[in-house]
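Me: I'd like to go through this one with you. Can we take it piece by piece?

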Amino acid sequence: MSDNRPDVTKDWQATQGQKSSATRLRLFAALCWIVAVGGEIAGIYLFYQHKFDHGNMPLLIGFLVGIAVFAIAGNLLWKAANRHDPARASDTARFFFQNQLGAIITLIAFLPLVFLILTDKNMDPQTKKVAGGLGAVLAVLATLVGVSYQPPSVEQYTQDMNACATQIKAGQPTTACSPDVAAQAQEIATDSASVAAATKDAQHPAGQDVVYWIAPEDGTKKSAEPHVFHLCAAVSPLKDKTVNSGSVTEAYAQNAIRITKQIEMEQKQCGFTVSQ
């Protein structure tokens with residue numbers, strides 16, 4: 001394959017550790033949001049008890065500030081969780097709600113109470129002015145914190161992982177290797193190095209980045225089950241099989257994501273120099 005298409009591997013997937021961290025952060029975020037919404041409910045209850053008609057402004061302001069603090073904390077925790085385990089941009093609805101959930105919940109936690117303050121006819125005018133203005137400002141601030149302006153996605157992490165693997169293989173500065181993608185990119189680079197070491201011959205003293213694997217079933221782009229990739233098409237595991245070939249990263253793209261464990265046997269069958 002000699003065209004100029006990007007060299008794309010398998011999709012990036014969150015590791016077990018990343019998923020565990022994301023779950024923990026989302027739990028803490030949910031607890032913060034529950035407290036924020038609970039504060040709003042308590043404030044609305046006291047509102048209908050006419051506790052703020054003639055005073056108690058510090059208490060009302062306390063509710064508003066508390067709602068903002070817990071809403072912002074939940075938003076930051078949720079964003080951190082999404083960096084560990086992002087959604088797919090191709091899944092439009094889930095991608096939107098997962099990344100903008102903090103802003104949505106913040107609006108739920110603020111708008112009813114702020115609306116009641118601004119429209120109440122019995123509240124002391126000074127309390128209404130101060131609390132209404134402060135509530136509106138805090139609502140906007142907390143909502144803006146909850147908005148994800150450049151949310152991460154599986155597609156973006158896949159692109160970064162590919163770039164990182166390319167940099168590792170070329171010995172370049174690893175500017176694309178964020179902690180989220182570096183480990184999996186290193187696996188790709190390691191497999192490529194293993195293949196190069198195993199495919200040396202007179203014509204290719206430095207080895208090759210060409211491997212062979214069972215083609216996806218029914219002409220699909222990617223196999224449903226993970227496959228092993230091999231050093232040449234003549235090896236016994238590929239006998240009588242429909243075989244595809246390409247770089248290690250192209251193999252990964254079709255879910256051939258494990259290098260053969262029978263390297264020495266396949267080197268002999270393919271005519272490569274047996275590794276010592």
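Me: Which residues does Gln-18 touch, not counting residues up to four places away in sequence?

Reply: Gln-18 touches Trp-12, Gln-13, His-84, Pro-179, Asp-180 and Gln-184. Contact here means heavy atoms within 4.5 Å. This is a predicted model, where local features need pLDDT of at least 70, side-chain atom pairs count only at pLDDT 80 or more, and totals for chains, interfaces and linings use all residues. Residues are numbered from 1 along each chain as its sequence is written, and side-chain values use heavy atoms, with hydrogens and water left out.

Me: Where does Gln-18 lie, and is Gln-18 buried or exposed?

Reply: Gln-18 lies in helix H1. Helices (H or I, at least four residues) and strands (E, at least two) are DSSP runs, numbered from the N terminus. Gln-18 counts as buried because its relative accessibility is 11%. The cut-offs are under 20% relative accessible area for buried, over 50% for exposed, and partly exposed in between (1.4 Å probe, protein chains only).

Me: What lies 3.2 Å from a polar atom of the Gln-18 side chain?

Reply: The backbone oxygen of Asp-180. A polar contact is a pair of N or O atoms within 3.5 Å; within protein, one must be able to donate a hydrogen and the other to accept it, and residues adjacent in sequence count only if both atoms are side-chain atoms.

Me: Switching to H4. Which of its residues are buried?

Reply: Thr-127, Ala-131, Gly-132, Gly-135, Leu-138, Ala-139, Ala-142, Thr-143 and Gly-146. They sit on the same side of H4, because they cover an arc of only 145° around the axis. That arc is taken from the directions from the helix axis to the C-beta atoms.

Me: What covers them, and what is on the face turned away?

Reply: The cover includes helix H2 (57-84) and helix H3 (92-119). The face turned away from the buried side carries the exposed residues Pro-125, Lys-129, Val-137 and Val-140.

Me: Which residues touch the most other members of the largest nonpolar core?

Reply: Phe-52, Leu-64, Phe-110 and Ile-117, in a core of 22 residues. H1 (16-48), H2, H3 and H4 each supply at least two residues of this core. A nonpolar core is a set of buried Ala, Val, Leu, Ile, Met, Phe, Trp, Tyr and Cys residues joined through side-chain atoms within 4.5 Å. Apart from it lies another core, of 19 residues, among them Cys-164, Val-181, Ala-185 and Ile-188.

Me: How many disulfides does a search of the whole structure find?

Reply: The search finds 2. A disulfide is a pair of cysteine sulfur atoms within 2.5 Å. Cys-164 and Cys-177 form one, with sulfur atoms 1.9 Å apart. This pair links distant parts of the chain, 13 residues apart: Cys-164 is in helix H5 (residues 154-170), and Cys-177 is in the loop between H5 and helix H6 (182-198).

Me: And what do Cys-232 and Cys-270 form?

Reply: A disulfide, with their sulfur atoms 2.0 Å apart. Cys-232 is in the loop between strand S2 (227-229) and strand S3 (243-246), while Cys-270 is in helix H8 (residues 263-270), 38 residues apart. Both Cys-232 and Cys-270 are buried.

Me: Which hand does each link have?

Reply: The torsion about the S-S bond of Cys-164 and Cys-177 is about 105°, so that disulfide is right-handed. The link of Cys-232 and Cys-270 is left-handed, with -85° about the S-S bond.
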